[in-house]
Amino acid sequence: MAAETDRPRIAGAAGGVGTTTIASALHGEDSRIYRGGAPVEILVCRSTMHSIGNAQRALAAVSHDQPPPVLAVVEDIPGSLSSHVKTRLRMTEGVVTAIVTVPFVADWRSLDDPLTVATELLRPGTDIPRSWRGFVGAMRHLVDEVAPLLSAMRPPAPGRVPIHPTPVPAGRPDRY
């Protein structure tokens, strides 16, 4: 088991859902695909019925003595939250701490190293391109939702600065 740290543990409901990108942006622990058992603060899925179903099955494997994770729903195309997807997400609300929609970022496709870019986006003073502002807002929303889970579950690791909530732009455009 990994050492207790103040870094959020982030796992995917399946492969290829955006877990590593979110873990990079939040400087979190990439726990790969969630298989149950180990605690996780953020569970990631895509904005498809199939992927949300995978997330629901993964959530059923979360131990009842652990706080429920935050569900990060990564849009696979812009505006991909259909009425069916929104309904399935509403059915999931009672078993997660929160649901945060992570907007589609077309620019990821044209970068040689998107993970390096992701690690820099939340650093103070970083100039955020307009096309990534929704993603950054969603990451800040995830920080807001995860910070109480981290402080309740484990003390900060020695020598590390604990993760703290950061302001989210008004209107929370990252909500479904």
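**A walk through the chain, from fold to helix H2**

The chain holds five helices and five strands, and since the model is a predicted one, the description that follows concerns computed coordinates. Read from the N terminus, the elements follow the order β-α-β-β-α-β-α-β-α-α. Among the contacts between residues at least 6 apart in sequence, 71% join residues at least 24 apart. Of the 176 residues, 44% count as buried, while the accessible surface of the chain comes to about 8900 Å², with 56% of that area belonging to carbon and sulfur atoms.

The side chain of Arg9 makes a polar contact with the side chain of Glu41, at 2.6 Å. Asp30 stands 21 residues from Arg9 along the chain, and the C-alpha atoms of the two are separated by 6.3 Å.

From there the reader can turn to helix H2, which runs over residues 49–60. This helix has 12 residues and reaches 17 Å from its first C-alpha to its last, close to the 16 Å expected at 1.5 Å a residue. The buried residues of H2 are Ser51, Ile52, Gly53, Asn54, Ala55, Ala58 and Leu59. In an α-helix there are 3.6 residues a turn, so residues three or four places apart point the same way. What covers the buried residues of H2 includes strand S3 (42–46) and strand S4 (70–74), together with helix H3 (83–92).

Methods:
Residues numbered from 1 in each chain as written. Predicted model: local features only at pLDDT ≥ 70, side-chain atom pairs only at ≥ 80, totals over all residues. Heavy atoms only, no water. Helix = DSSP H or I, 4+ residues; strand = E, 2+ residues; numbered from the N terminus. Buried < 20%, exposed > 50% of the residue type's maximum accessible area, 1.4 Å probe, protein only. Contact = heavy atoms within 4.5 Å. Areas by Shrake-Rupley, 256 points an atom, 1.4 Å probe, with all protein chains shown as cover. Polar contact = N/O pair within 3.5 Å; in protein donor to acceptor, adjacent residues only side chain to side chain. Expected span 1.5 Å × (residues − 1).
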